[in-house]
Amino acid sequence: MTPQELENLAHLRRARDLIDRDYAKPLDVPTMAQRALMSPAHFSRRFRAAYGETPYSYLMMRRIERAMALLREGVSVTDACMQVGCTSLGSFSSRFSEIVGESPTAYRRREHHAVNAMPSCVAKAHTRPVRRGSSRIGEAQRHPAA
């Protein structure tokens, strides 16, 4: 990698860290791009090239991942939606169903004894949502049979 590519990657990591930390806050591509010191269009292209998905898709995956944890704890679907930064219950439910494969209500009702018995770091790794048909980097390594 060239020094410029390494610098760009460091800027992209800062933006990704912003998403990971502030997923529940209102975040948009211009705000993320500003953290990466790039224009929104350039940032979107570079982020997708580096991480295999758009910045907004990555943000929604983080939100859904956190919502899954809240729903396992018994938080209502509406409260989980609001706590993770989504403002539309309908959009949240649609995206949740698309990513997880079942509605948030069905996910909340299902028993999660095995996950609850795991240390949180292990549970987080095993319950991380994976978009169907995903082209995310690392999917082949985590799920070699898929």
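Buried means under 20% relative accessible area. The exercises below use a predicted model.

**Exercise 1. Find which residues of helix H1 are buried, and what they pack against.**

Step 1. Take H1, residues 3–22. Its buried residues are Asn8, Leu9, His11, Leu12, Ala15, Leu18, Ile19 and Asp22.
Step 2. Look for their partners. The buried residues of H1 pack against H2, H3 and helix H4 (55–72).

**Exercise 2. Check the span of H1 against its 20 residues.**

Step 1. The expected span is 1.5 Å times one less than the number of residues.

**Exercise 3. Describe how H1 packs on H3.**

Step 1. Two packed helices are described by an angle and a distance between their axes.
Step 2. H1 and H3 (residues 40–51) pack at about 90 degrees, with axes 10 Å apart. Angles of 65 to 115 degrees count as roughly perpendicular, so H1 is roughly perpendicular to H3.
Step 3. Now list the contact. From H1 come Leu9, Leu12, Arg13, Ala15, Arg16 and Ile19. From H3 come Phe43, Arg46, Phe47, Ala50 and Tyr51.
Step 4. Sort these residues. Eight are nonpolar, none is polar and three are charged.

How values were computed
Residues are numbered from 1 along each chain as its sequence is written. This is a predicted model: local features need pLDDT of at least 70, side-chain atom pairs count only at pLDDT 80 or more; totals for chains, interfaces and linings use all residues. Side-chain values use heavy atoms; hydrogens and water are left out. Axes are lines fitted to C-alpha atoms, for helices over the stretch in contact, and angles run from 0 to 180 degrees between N-to-C directions. Helices (H or I, at least four residues) and strands (E, at least two) are DSSP runs, numbered from the N terminus. Angles under 35 degrees count as roughly parallel, over 145 as roughly antiparallel, 65 to 115 as roughly perpendicular and the rest as oblique. Contact means heavy atoms within 4.5 Å. Ala, Val, Leu, Ile, Met, Phe, Trp, Tyr, Cys and Pro count as nonpolar, Asp, Glu, Lys and Arg as charged, and the others, Gly among them, as polar. Buried means under 20% relative accessible area, exposed over 50%, partly exposed in between (1.4 Å probe, protein chains only).
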